[in-house]
Amino acid sequence: MTTIRLHDTRTRSDRDFVPIDPSDVRMYVCGPTVYDRAHLGNARPVVVFDGLFRLLRHVYGADHVTYVRNFTDVDDKINAEALRRRQAGAPGTLEDLIRARTEETIAWYHADMDALGALRPSHEPRATDYIGRMIAMIGRLIDRGHAYARDGHVLFRVRSYADYGRLSGRSVDDMIAGARVEVAPFKEDPMDFVLWKPSDAGLPGWDSPWGRGRPGWHIECSAMSEALLGPAFDIHGGGIDLQFPHHENEIAQSACAHPGAGFANYWLHNEMLLVEGRKMSKSLGNFFTVRDLLDRGVPGEVIRLVMLMTHYRSPMDWTEDKARQAEATLRRWRGLAAGIEPAASPAPAVVDALACDLNTAGALAALHALAAAGDVPGLVASARLMGLLEPAMGAWAEAPSADLTALTARLGALRAAALATKDFAQVDALKAALTAAGVEVRMSKAGVELRPGPGFDPARLAALEEGEARE
RNA sequence: GGCGGGUUGGCGGAGAGGUUACGCAGCGGAUUGCAAAUCCGUGUAGACCGGUUCGAUUCCGGUACCCGCCUCCA
């Protein structure tokens with residue numbers, strides 16, 4: 001069996017992956033807060049961990065991997081948007097508006113991530129469906145002395161967990177020295193973080209032993225992973241920006257709620273995304289969503305390939321040039337793959353590259369080698385392991401259907417005549433017009449061949465044919 | 001200030017202590033009336049300074065520069 005090697009952020013080392021239970025490999029990845037369209041940066045962990053999901057399914061069997069990715073649907077930004085809508089005159093209660101907003105956003109998210117060829121996870125829990133579980137976990141943390149209630153809040157007592165800071169490599173004292181922590185009178189220690197906070201009448205809230213309120217950010221992931229994967233599971237993933245504080249706090253909560261269980265055995269973090277060399281931000285004007293790209297005609301498969309060109313632990317720079325390269329590569333491969341059945345299994349070189357801490361760039365090189373060697377069935381089977389060249393994703397690359405027989409015959413006749421007279425003026429004029437209409441012109445001794453290319457424009461072609469009729 | 005990551009040929013981007021990464025672009029050739037497409041060939045790069053070594057771009061140390069996190073942003 002293939003041995004998968006993963007870079008574990010917690011130990012800062014590459015480790016052979018050994019699942020707790022090979023018949024049920026379990027992975028949890030932090031999903032989106034559903035307040036708006038997913039931007040391109042949101043797509044990176046989706047593609048990265050979809051790749052790992054596919055690899056795990058390949059190695060352990062599709063029915064032996066459980067992948068959980070949550071939706072955070074309780075959040076102040078969602079509340080703010082719902083409030084804005086109500087003030088703008090939208091009907092319904094605030095809770096209705098919140099639900100409507102999150103339902104809408106989840107549907108967008110699914111559509112956009114589907115377009116990138118990401119498989120749906122096994123479970124996609126919503127935080128609001130696990131409030132009871134969170135309350136129970138908070139209660140247990142209080143009972144064990146790891147948390148305390150104060151003024152309607154419940155706080156995690158950071159000093160009660162000796163390993164706090166281990167994941168992100170910092171000590172509580174260092175962090176306090178950094179002095180960027182919220183000072184609140186109800187905190188025993190400035191680093192203590194919120195497990196539960198009170199909600200006023202204008203905010204969504206749930207009844208709890210500490211009054212009506214809502215959960216803090218981190219507890220949801222601890223509660224949902226516990227519910228769906230158990231107190232110990234294999235892999236926990238997410239963006240590197242979540243390493244602190246989110247994941248650090250998650251570990252503290254889960255480890256203290258289930259001492260000795262171990263929580264997640266391997267921690268994987270993907271690096272951030274840049275756009276043309278700069279951090280994507282609204283202020284720089286380079287902020288865009290996945291949907292923006294799709295609407296602009298950049299196929300999801302192209303976005304996916306661009307993402308796979310860079311190793312997941314390096315910052316990935318989105319550039320127009322890369323998108324162009326990726327599109328050209330996919331067009332070539334899809335051209336080769338047309339009508340070819342995939343091999344029974346992906347090429348070992350590709351699997352090995354992916355098994356080496358998801359070396360997607362290496363795997364792509366292996367794909368190029370398969371294409372160069374003419375092993376198209378192997379290319380297709382291997383590409384599909386990476387979520388590429390899937391039949392459902394190829395509509396964008398299909399040549400538009402068009403009847404070019406008349407034009408082919410006309411060009412062929414002109415050329416045959418020109419070959420005799422050595423006057424190619426008319427041939428070249430027609431060729432230029434065809435090229436301008438997005439038709440690929442191929443001439444050889446055997447004859448003339450026309451095929452619609454990427455920029456095929458039937459309207460300009462029609463004009464050509466009308467011109468012919470008038471002649 | 002604290003913590004972490006990075007610096008590879010024109011561009012993108014990997015692996016490996018010593019033998020071609022790969023892709024794109026470029027260049028040369030085949031092919032073509034000319035092209036396109038395709039095919040063949042072609043590139044000794046590794047921020048800087050030391051150290052270890054028979055040998056380092058690959059290991060160790062330092063310097064410079066860049067980036068991220070420390071602000072419920074993946």
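This is a predicted model: local features need pLDDT of at least 70, side-chain atom pairs count only at pLDDT 80 or more; totals for chains, interfaces and linings use all residues.

Trainee: Into which domains is chain A divided?

Mentor: Chain A comprises domain 1 (20-273), domain 2 (300-397) and domain 3 (405-470). The centres of domain 1 and domain 2, taken over C-alpha atoms, are separated by 32 Å. To their contact, domain 1 contributes 20 residues and domain 2 contributes 25 residues.

Trainee: How much area is buried between domain 1 and domain 2?

Mentor: About 1,800 Å² is buried between domain 1 and domain 2, and carbon and sulfur atoms give 71% of that area.

Trainee: Why are α10 and α13 described as oblique to each other?

Mentor: Angles from 65 to 115 degrees count as roughly perpendicular and those over 145 as roughly antiparallel. Helix α10 (residues 320-337) packs on helix α13 (residues 376-385) at about 125°, with the axes 9 Å apart; the two are therefore oblique. Their crossing is left-handed.

Trainee: Which residues of α10 and α13 meet?

Mentor: From α10 come Trp333, Leu336 and Ala337, which meet Val376, Leu379 and Val380 of α13. This contact has six nonpolar residues, with no polar and no charged ones.

Trainee: How do the axes of α2 and α3 cross?

Mentor: Helix α2 (residues 76-87) and helix α3 (residues 94-115) cross at roughly 115°, their axes coming within 9 Å. The crossing is right-handed. Among the contacting residues are Glu81, Arg85 and Arg86 of α2, and Arg101 and Glu104 of α3. By class, the contact of α2 with α3 holds six nonpolar, two polar and five charged residues.

Conventions: Residues are numbered from 1 along each chain as its sequence is written. Chains are lettered from A and ligands numbered from 1 in the order in which they are written. Side-chain values use heavy atoms; hydrogens and water are left out. Axes are lines fitted to C-alpha atoms, for helices over the stretch in contact, and angles run from 0 to 180 degrees between N-to-C directions. Helices (H or I, at least four residues) and strands (E, at least two) are DSSP runs, numbered from the N terminus. Angles under 35 degrees count as roughly parallel, over 145 as roughly antiparallel, 65 to 115 as roughly perpendicular and the rest as oblique. A crossing is left-handed if the near helix is turned anticlockwise from the far one by less than a right angle, and right-handed if clockwise. Contact means heavy atoms within 4.5 Å. Ala, Val, Leu, Ile, Met, Phe, Trp, Tyr, Cys and Pro count as nonpolar, Asp, Glu, Lys and Arg as charged, and the others, Gly among them, as polar. Domain bounds come from an automatic or database domain assignment. Buried area is the accessible area (1.4 Å probe) that two parts lose on being put together, summed over both.
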